[in-house]
Amino acid sequence: MGDAPFLSGKLLLAMPGMSDPRFERSVTALCVHDENGAVGIGISHKRAGVRLRSLLKQLELDPGEAPDAPIHHGGPVEPGRGFVLHSDDWGGEDTLQVTGEGGKLWAMTGTIDVLRAIAEGRGPARWLVALGYAGWGPGQLDDEMTRHGWFASEGTAAILFDTPTDERWAAAFKLEGIDPRLLASETGAA
């Protein structure tokens with residue numbers, strides 16, 4: 001069996017019928033995937049009762065020019081830790097550039113400097129904020145990809161920044177030429 005490709009820069013889409021209900025219709029933007037494991041940020045579900053301006057106030061930052069954007073549920077790991085996925089026109093010392101086959105796709109920053117920049121009106125042109133992340137240990141995601149559950153689609157800035165949150169799952173499948181309404185929720189054994 002050959003080495004599975006690493007999936008950094010892809011969008012992980014939960015297949016219908018996935019056994020874990022936390023990932024129902026979920027889209028996870030994979031920021032890192034290598035021999036040490038994988039880190040992704042969920043971009044398909046909003047956190048109830050949390051908006052950007054109130055989050056900035058909790059962090060003792062003046063919300064300034066920041067719009068009152070929704071906060072996404074980034075994943076079950078460290079649910080109080082914030083991450084910003086953003087366009088590559090802004091970068092801090094801890095910004096990770098996420099690239100795919102077509103070059104730079106988006107960037108991820110997990111430090112408060114990006115939130116301060118957004119509040120001051122000097123942040124990235126396009127961004128979304130999430131709390132928490134999805135993480136996989138060495139080989140864990142590769143193993144999960146061999147079983148029913150996840151589909152890896154092309155990562156695009158249009159899905160992250162231009163598509164409404166609740167439409168991202170279906171839109172990512174459609175970009176791959178797949179009608180999500182026709183997907184079976186279970187697989188058979190051949």
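Biologist: How many salt bridges does a search of the whole structure find?

Modeller: Six. Keep in mind that this is a predicted model.

Biologist: Why is the pair D68 and R51 called a salt bridge?

Modeller: The closest N and O atoms of D68 and R51 are 3.9 Å apart. The cut-off is 4 Å, so the pair counts. D68 sits in the loop between helix 1 and strand 5, and R51 in strand 4, so the pair ties together parts 17 residues apart in sequence.

Biologist: What makes D68 partly exposed?

Modeller: Its relative accessibility is 37%. Buried means under 20% and exposed over 50%, so D68 falls in between.

Biologist: How do you know that R181 is exposed?

Modeller: R181 has a relative accessible area of 72%. Exposed means over 50%, so R181 qualifies. Its salt-bridge partner is D179, at 2.8 Å from N to O. D179 is partly exposed, at 25%.

Biologist: Why is K10 called buried?

Modeller: K10 has a relative accessible area of 15%. The limit is under 20%, so K10 is buried. K10 lies in strand 1.

Biologist: What makes the link between the side chains of K10 and E154 a polar contact?

Modeller: The distance is 2.5 Å.

Biologist: Which residues touch the most other members of the largest nonpolar core?

Modeller: L11, I41, I43, L85 and W106, out of 23 residues. Helix 5 gives the largest share of this core, four residues. L85 touches I41, I43 and W106, among others.

Note on methods
Residues are numbered from 1 along each chain as its sequence is written. This is a predicted model: local features need pLDDT of at least 70, side-chain atom pairs count only at pLDDT 80 or more; totals for chains, interfaces and linings use all residues. Side-chain values use heavy atoms; hydrogens and water are left out. A nonpolar core is a set of buried Ala, Val, Leu, Ile, Met, Phe, Trp, Tyr and Cys residues joined through side-chain atoms within 4.5 Å. Buried means under 20% relative accessible area, exposed over 50%, partly exposed in between (1.4 Å probe, protein chains only). Helices (H or I, at least four residues) and strands (E, at least two) are DSSP runs, numbered from the N terminus. Contact means heavy atoms within 4.5 Å. A polar contact is a pair of N or O atoms within 3.5 Å; within protein, one must be able to donate a hydrogen and the other to accept it, and residues adjacent in sequence count only if both atoms are side-chain atoms. A salt bridge is a side-chain nitrogen of Lys or Arg within 4 Å of a carboxyl oxygen of Asp or Glu. Lists of a residue's contacts leave out its neighbours within four places in sequence.
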